[in-house]
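Welcome, and thank you for taking a look at this protein with me. Please open the sequence and the model side by side, and let us walk through them together.

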Amino acid sequence: MPHPDIPLPRLIAHRGLSAHAPENTLSAVRAAHAAGFTWVELDVQLLGDGTPVIWHDANIRRCSDGRGRLSDLDLAAARRLDAGSWFGDAFLGERMATLGEMLALLDELEMGVNLELKVNRGRDPRALVEAALPPVREALPPARCVVSSFNDTALARARALAGPETLALGVLYEAIGRDWRRHCEPVQAFSVHADWRRLKQSRVREVVEAGYRLLCYTANDPAAFAPRWQWGVEAVISDDPARFVGHLPDA
Ligand code: G3P
Ligand code: MG
């Protein structure tokens with residue numbers, strides 16, 4: 001299928017520049033931009049009141065001063081949380097970002113995003129897509145956005161909403177299994193995203209020869225990762241992508 005022509009960078013900052021700022025926050029995206037990175041990977045899911053927010057875990061414990069499930073919060077309760085001081089005093093008072101706020105920042109900074117539709121256990125993939133996808137498509141040009149998920153239902157709903165040509169969808173895998181095509185073909189995927197530690201060269205060849213762009217997460221060791229560039233990996237999603245500068249293949 002025709003896809004938007006997306007000039008992906010080699011390096012994408014995972015959850016923003018999460019080695020140097022609290023993950024999935026506005027500060028983490030500003031830090032990625034300040035460090036010279038043009039794309040970030042972020043996770044989106046819904047609060048209990050249906051507001052899409054940028055958050056990874058099902059729980060709020062690890063990345064805020066609160067306790068409990070994200071799905072038990074409404075926006076007012078989410079706003080009261082401190083989502084920065086767990087990472088460092090410099091980030092005291094950082095708030096959980098709504099998708100709308102994050103899209104405004106990405107637009108302002110002219111950054112690209114790999115937005116992961118994060119379907120944690122028990123959550124409704126369709127509701128997530130229906131709330132999150134329209135504002136993304138409104139805010140960002142197709143060439144600056146790849147929407148990815150481990151969840152086939154979310155990907156299928158996104159493709160159904162977007163139609164055939166203007167949305168790049170990425171299929172997330174841990175290991176890319178023998179039957180990888182059955183996740184990509186029904187949603188007319190643009191890209192395959194895999195755990196770099198579980199990558200096999202023969203499977204990479206299949207993916208690349210089939211015309212899919214291949215991205216790897218979450219690589220933080222450029223020396224260990226190095227052989228995989230030659231296999232055909234296009235981009236690395238890293239918590240600390242600056243480590244890879246000077247260790248990239250020639251363009
Ligand atoms: O999108 C790549 C990567 O972020 C997937 O895993 O758990 O970090 O969201 P996770
Ligand atoms: Mg993610």
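What follows is a short tour, from the whole chain to single residues.

First, some ground rules. This is a predicted model, in which local features need pLDDT of at least 70 and side-chain atom pairs count only at pLDDT 80 or more, while totals for chains, interfaces and linings use all residues. Residues are numbered from 1 along each chain as its sequence is written, and chains are lettered from A and ligands numbered from 1 in the order in which they are written.

Let us start with the whole chain. The protein chain has nine helices and nine strands; helices (H or I, at least four residues) and strands (E, at least two) are DSSP runs, numbered from the N terminus. Its radius of gyration is 17 Å, close to the 18 Å that the globule rule gives for 251 residues, so the protein chain is as compact as a globular protein of that length. Here the radius of gyration is taken over C-alpha atoms, and the globule rule is 2.2 Å times the number of residues to the power 0.38. Along the principal axes, the C-alpha atoms fill a box of roughly 50 × 40 × 30 Å. Of the 251 residues in the protein chain, 44% are buried. A residue counts as buried if 20 or more other C-beta atoms lie within 10 Å of its own, as exposed if 12 or fewer do, and as partly exposed in between, with C-beta atoms placed from the backbone.

The end C-alpha atoms of residues 9–248 lie 11 Å apart, and the span is 31% helix and 19% strand.

Now find strand β5, residues 145–149. How many of its five residues are buried? The count is five of five. In a regular strand the side chains alternate between the two faces of the sheet. In β5, C145, V147 and S149 lie on one side and V146 and S148 on the other, and both faces are covered.

Strand β4 (residues 112–117) pairs with β5 in the parallel sense over four bridges, and L115 stands opposite V147. Two strands are said to pair if DSSP finds at least two bridges between them. Strand β6 (residues 168–172) runs parallel to β5 and is joined to it by four bridges, with V146 opposite A168.

Next comes strand β9, residues 235–238. Both of its faces are covered, with A235 and I237 buried on one side and V236 and S238 on the other. Three bridges join β9 to the parallel strand β1 (residues 11–14), where A13 is the bridge partner of S238. Two bridges join β9 to strand β8 (residues 213–217), also in parallel, and L215 stands opposite A235.

Which residues surround ligand 1? They are H14, E41, D43, H56, E116, S148, L172, H193, Y217, T218 and I237. A residue is near a molecule if its C-beta atom, placed from the backbone, lies within 6 Å of it. This shell divides into three nonpolar, five polar and three charged residues. Ala, Val, Leu, Ile, Met, Phe, Trp, Tyr, Cys and Pro count as nonpolar, Asp, Glu, Lys and Arg as charged, and the others, Gly among them, as polar.

L26 sits in helix α1 (residues 26–34) and is buried, with 22 other C-beta atoms within 10 Å. L26 and M102 are 76 residues apart in sequence, yet 6.5 Å apart in space, C-alpha to C-alpha.

Most residues other than glycine have a negative phi. E110, in the loop between α3 (99–109) and β4, has a positive phi near 55 degrees. E110 counts as exposed, with 11 C-beta neighbours inside 10 Å. Q188, in the loop between α6 (181–184) and β7 (191–195), has a positive phi of about 50 degrees. Q188 counts as partly exposed, with 17 C-beta neighbours inside 10 Å.
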